Amino acid sequence: MNKAALNMQSDKRQTIVDAVIESRSSIRAFTAQEVPKDEIMQILRVASRAPSGTNCQPWKVYVLRGKNRADLVDKICRVHDQIYADSLIGAKYLEEYDYYPRKWFEPYLARRRQNGYALYALLGIEKGDKARMHAQHQRNFRFFDAPIGMIFTIDRNLGHGSLVDCGMFLQNLMLAAKSRGIDTCPQAAWNHFGRIILPHVGAGPNEMLLCGMAIGYANGNAPENSLLTPRVPPESFTTFLD
């Protein structure tokens, strides 16, 4: 094959990869259409090619379907409602690592607020409407109606670098799914409920809850799925040192 043909193939691959990355978004409303087990396994196989320090491959995945998924949803939603009624109960459910900062600061606070305001505007939820905010937050714990829920864990004895490895694995998973027309929503919301989730999935004593993920096919009629979050230009976060 000549150089021109090789360059054309390279450009085509680049275009395909870019399109998959740029079309991925966090979906917050799914249809009931099932995702075949074989497809899930193919996605996980591709995702496992993510790099990791010394190739330790620190991720562990629990795939919840059917009754098992429904039972976990019921358990967490019940506790979530209890916390809404009495916030002191929330002290019993703490995440093992700080996904978010304990105190928000700029420019991250403004980005967080913009994301929340944009989502609630699409859903018609007004500021101060605590009941609807609670109901929307609980959509996380229903996997946004996706037929597949995933729970990810990591051995708590590993170092912080393994969290970076798992992040690359999660990105691979989401892109492999998107390339097959399957949508996802990574979810840190589950992290507070490790004491319920880990026994439910049969995790070992050294496992720490990393996050959850909803997987399925997007509901094209849901207004929240039209949300397109902005990105700052690379000039704002990049420094070239020649």
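## Reading exposure

A residue is called buried when its relative accessible area is under 20%, exposed when it is over 50%, and partly exposed in between (1.4 Å probe, protein chains only). This is a predicted model, in which local features need pLDDT of at least 70, side-chain atom pairs count only at pLDDT 80 or more, and totals for chains, interfaces and linings use all residues. Residues are numbered from 1 along each chain as its sequence is written, and side-chain values use heavy atoms, leaving out hydrogens and water.

## A tilted pair

Let's look at the rings. Those of Phe, Tyr and Trp (its six-membered ring) pair if their centres lie within 6.5 Å; planes under 30 degrees apart count as stacked, over 60 as edge-to-face, and the rest as tilted. The whole structure holds 9 aromatic pairs. In one of them, Tyr 100 and Trp 104 have ring centres 5.6 Å apart and planes at 40°, so this pair is tilted. Tyr 100 is partly exposed at 44% relative accessible area, and Trp 104 is partly exposed at 24%.

Phe 141 and Trp 190 have ring centres 5.4 Å apart, and because their planes meet at 80°, the pair is edge-to-face. Phe 141 is buried, with 0% relative accessibility, and Trp 190 is buried at 0% too.
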